[in-house]
2 protein chains.
Amino acid sequence: MILRMSSLFLRTLREDPADAEVPSHKLLVRAGYIRRTAPGVYTWLPLGLRVLRKVERIVREEMDAIGAQELVFPAILPREPYEATGRWTEYGPNLFRLKDRKGADMLLGPTHEEMFTLVVKDLYSSYKDLPLSIYQIQNKYRDEARPRAGVLRGREFVMKDSYSFDIDDAGLAASYEAHRGAYIKIFDRLGFDYVIVQAMSGAMGGSRSEEFLAIAENGEDTFVRSAGGYAANVEAVVVAQSAPVDASAVPAAEVVDTPDTPTIDTLVDALNAKHPRTDGREWTAADTLKNVLVMLVNPDGTREPLAIGVPGDRAIDEKRLGAQVEPAEVVAFDESDFEKNPALAKGYIGPGVLGSENASKIRYLLDPRVAEGSAWVTGADKSGYHVINLVHGRDFTADGTIQAAEVRDGDEAPDGSGPLESARGIEMGHIFQLGRKYADALDLKVLDQNGKLVTVTMGSYGVGVTRAVAAIAEGNHDELGLVWPREIAPADVHLVATGKDPELFAKAAEIAAELESRGLTVLYDDREKVSPGVKFKDAELIGVPTIAVVGKGLADGTIEVKDRRSNTRADIPVADVVDHLLTTIRS
Amino acid sequence: MILRMSSLFLRTLREDPADAEVPSHKLLVRAGYIRRTAPGVYTWLPLGLRVLRKVERIVREEMDAIGAQELVFPAILPREPYEATGRWTEYGPNLFRLKDRKGADMLLGPTHEEMFTLVVKDLYSSYKDLPLSIYQIQNKYRDEARPRAGVLRGREFVMKDSYSFDIDDAGLAASYEAHRGAYIKIFDRLGFDYVIVQAMSGAMGGSRSEEFLAIAENGEDTFVRSAGGYAANVEAVVVAQSAPVDASAVPAAEVVDTPDTPTIDTLVDALNAKHPRTDGREWTAADTLKNVLVMLVNPDGTREPLAIGVPGDRAIDEKRLGAQVEPAEVVAFDESDFEKNPALAKGYIGPGVLGSENASKIRYLLDPRVAEGSAWVTGADKSGYHVINLVHGRDFTADGTIQAAEVRDGDEAPDGSGPLESARGIEMGHIFQLGRKYADALDLKVLDQNGKLVTVTMGSYGVGVTRAVAAIAEGNHDELGLVWPREIAPADVHLVATGKDPELFAKAAEIAAELESRGLTVLYDDREKVSPGVKFKDAELIGVPTIAVVGKGLADGTIEVKDRRSNTRADIPVADVVDHLLTTIRS
């Protein structure tokens, strides 16, 4: 196939779009791959569509290779199944809802667990029909609060979602492993530098869950890993409960006067100045117990306060907290909330009033680092006063623990495999064992070998297809433009004809035709009144990995072949150029 | 590729689905191609998706062949462009509308004229950029009042829509011809028995317009054609205005007593009994002028009455009327409407009170057969009375004419090419010259050769892709099941292994593998505990055009090869069967 620049529906832009922050967004728009239609909603222009289809093809091939079968569900769906699983409400404002002309509630599918469950229920009835893996590559809709970064987080996007159906846990484990293997092949072929991390299953329910993250400094996800092989999305890091310590030597709790110490730093300074420790060391933030109040907003709009106690040297991580309280959203605990609860002395709140058993009645969860028997400095529930030597288990209790404190570089990995270091990534794939949540909710049962009805166990596996295009761009560009991996590039060769001599264009056209006849796709810059400089800039921006220039060298019988990634060049004799390109591209 | 029936996600059904009326709907559901998800919303199961993708591929190849370039727009679109062209309102309840989390109005695209216009405006600016044809194959949404016949008229469906952009009318004509040629190739390849008919451009505006109709007795469209080559959708038939006749000999109009004659038949009988003609012939329905009242409901909800005068022997055709008054909808003129207009004597309404100049103020349009100077019997606007010898132009006038009367078999074609005969069809494609309607509304201008801004002229071209699958099924089935054309079939061969001997299955598996290695797709019925009868019934229902049976004949060294369409059978020696099948399939 030959794509002629003279007629290709393409305009490259010299300026970054005003709303673009990350390189992939800037470059995909500037190079004419995508075009914004509405916030978070994009049009795929011809070059972009070619790349998108190539990603789809790779995903499809690897899914087919593990025996998964493709079908396609509608995007517009009835409310009832999503009501049955609770997701009609749980999705909150992220769901695009609409009514049809008869007033029936419908939605635009954000994921299709319900529909896949129902179609299997509809068609299958026996253990003999299982295992089954089915998938679709289809448009999904999520009304993101902050669509960003072009197609990296859009509101309409293409996803491959597959689902496995098994009679028992061993079957699910096998289906999960098959998908895991397919995903490794997919992300290898897509050319990603990626990491497989433990993940939260979040609103989806279920047990084992891993994410495939493309490592990218602009990624929205933070993950941590250790040299010893631990890797997890930061939201999924589970800090172990600290072992109880002996509190028998700790003196009785004592309220001390700490005026004007609303922050941990001011508190530590005041303690060291007015109430120095007797064991020879200074008070530090790690000796304090910070009690943070937040408000949870449930999908149905109801509000519920939550107090979290963490060591004073450690912040709450909003994403980790968010993942723990899903599907509720976390908002600030504001002045009016304080006013409604006079037991709370702002800046001096302590466990004395927190917890569902105490004056505030606010649920109180502790960081697992707060060991039974450990002693703390914390608020005395009276403005200007703190209490020291307050011992967990002796002087206060909580309603439970929560994994909401930040994970820091240098923290020991939960599995003891060494210190953690953090990096950022883009979630490209997510595989997880749903178990029986959806099958239970929608009553998907089959007869087992003994003729007894048993609930099917499911796995759910997603790949962000449109997102993959952006993530590949994010990892494959330089200051001049995009640099596509070969298997994804919109063309095999970018052939540029430069100069005024018609012979140059004739020769270039001949080479293009020959390359096409040999099965390559050629992006041929045949524009006659465009300067060489503009053509080269366009070629660099568009990012086809191999560029061939039919120009000045032709007089000496050569054609320049450039490698876009390494920027190496070679003058190839005209007679050899087609073979040279074929070898280069197919190697 | 081998599709094994033992694991294929497929269940054939012996019973027709309760909601299915037409054969394609029944068979596509029973044979496991599609499955209903919501009214007018379907899931494509693996076999169906294979057929759908094949139709898409044919459409794509022929669009690419005329140089049209593929891109893809989102399905969820902002309101503003549709507001600018008036279609946000004009589409009325057919449009799926929704609000996003910020309250912005959005819609699910029913067609994408606006978006294509805007993307060209966005990227192009000069006559040098034109001509341009761009297209997409994408999901469309229309909230049909009566979704019916499975995917023949659904609410979510796949359409190929393309648009041409030209600097002048000659360019548009050329782009239109190119699309027309591509459509002929597409519908030939899809194996349709089709007709190209003149069409209304309807709500889309514009001038030249043709439809490609698949001839089908269950089709929703009626078309007429003459032996001399005239062919038109019945809605597009334009009856010429009858030439004026000399009324000088017609006596003065006379009100006559016609009690209890609310219908044309009772009126004709009463006239012949009580007021016989003096010229020797009897009164017939053709002598009467029937005045029909309807109510038009505009997309904004406003109502407007309309009176139509037609010869009494001819009915109003609802679809022809509907096409004339689009985007308004036609509803009945009911009792309460009569009550609001006391000038109307129900059953005896005449031109005396109709027309915007007369007592009722109701707009009054005449059938073009009502010639200037022609004399009629019609209502006298008084219950129980009619008027005879009422002459058009002498005794009454109207506000204009309307093409709303039925077209009947035997009517002369408008171009004089002979009598018309009618048949039914399914609209598979529609091509039309939009002209400058959308470019004007959205200000799409480019610089011409003289540096002057000129408005671009557009064409719009659609193919119903999901509908094509149903229409092909509608035209390709028998009482046993589907009979796919080869290029569309979900597989090349349906290979059935029957019997209990493991050797049969081993041989069948070997043949399947060999066919696969030769590039064929094999639907292989490898089910071990299923009876031959069930397997044959399934093969007939599924409709792969060539069926090969590895069964009893194997003992004699033969395999039975059946042609699904002709039901011819041949016993082919095992050693020859692969070559035989290849020859059969590729011929």
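Predicted model: local features only at pLDDT ≥ 70, side-chain atom pairs only at ≥ 80, totals over all residues.
Colleague: Why are H12(B) and H14(B) called oblique to each other?

Modeller: H12 (residues 502-517) and H14 (residues 577-586) of chain B pack at an angle of about 45 degrees, with axes 10 Å apart. Angles under 35 degrees count as roughly parallel, over 145 as roughly antiparallel and 65 to 115 as roughly perpendicular, and the rest are oblique. The two helices are therefore oblique. B:Ile511, B:Glu514 and B:Leu515 of H12(B) touch B:Val577, B:Val578 and B:Leu581 of H14(B), where contact means heavy atoms within 4.5 Å.

Colleague: And what makes H2(B) and H11(B) a crossing pair?

Modeller: Their axes come within 9 Å and cross at roughly 115 degrees. That makes H2(B) roughly perpendicular to H11(B). The crossing is right-handed. Among the residues that meet are B:Val51 and B:Leu52 in H2(B), and B:Val469 and B:Ile472 in H11(B).

Colleague: H11(B) also holds B:Glu474. How do you know that B:Glu474 has no salt bridge?

Modeller: The nearest side chain of opposite charge, B:Arg148, is 7.7 Å away. A salt bridge needs a side-chain nitrogen of Lys or Arg within 4 Å of a carboxyl oxygen of Asp or Glu.

Colleague: What makes A:Arg87 and A:Glu114 a salt bridge?

Modeller: Their closest N and O atoms are 2.6 Å apart. The pair links distant parts of the chain, with A:Arg87 in helix H4 and A:Glu114 in helix H5 of chain A, 27 residues apart. Both A:Arg87 and A:Glu114 are buried. Over all chains, the structure holds 96 salt bridges.

Colleague: Why is H5(A) called largely enclosed by the rest of the structure?

Modeller: Eight of its eleven residues are buried, so the helix is largely enclosed. Among the buried ones are A:Met115, A:Phe116 and A:Val120. Buried means under 20% relative accessible area, exposed over 50%, and partly exposed in between (1.4 Å probe, protein chains only).

Colleague: Then why does A:Leu453 count as exposed?

Modeller: Its relative accessibility is 53%, so A:Leu453 counts as exposed. A:Leu453 lies in strand E24 of chain A and is in contact with A:Lys445, A:Val446 and A:Leu447, leaving aside neighbours within four places in sequence.

Colleague: Why is B:Glu83 called partly exposed?

Modeller: B:Glu83 has 34% relative accessibility, so it counts as partly exposed. B:Arg79 is partly exposed too, at 25%. The side chains of B:Glu83 and B:Arg79 meet in a salt bridge, at 2.5 Å from N to O.

Colleague: How many helices and strands are there in chain A?

Modeller: Chain A has 14 helices and 32 strands, taken as DSSP runs numbered from the N terminus, with helices (H or I) of at least four residues and strands (E) of at least two. Of its 587 residues, 57% count as buried.

Definitions and conventions
Residues numbered from 1 in each chain as written. Chains lettered and ligands numbered in written order. Heavy atoms only, no water. Lys, Arg positive; Asp, Glu negative; His and termini not counted. Axes fitted to C-alpha atoms, helices over the stretch in contact; angles between N-to-C directions. Left-handed = near helix turned anticlockwise from the far one by under 90°.
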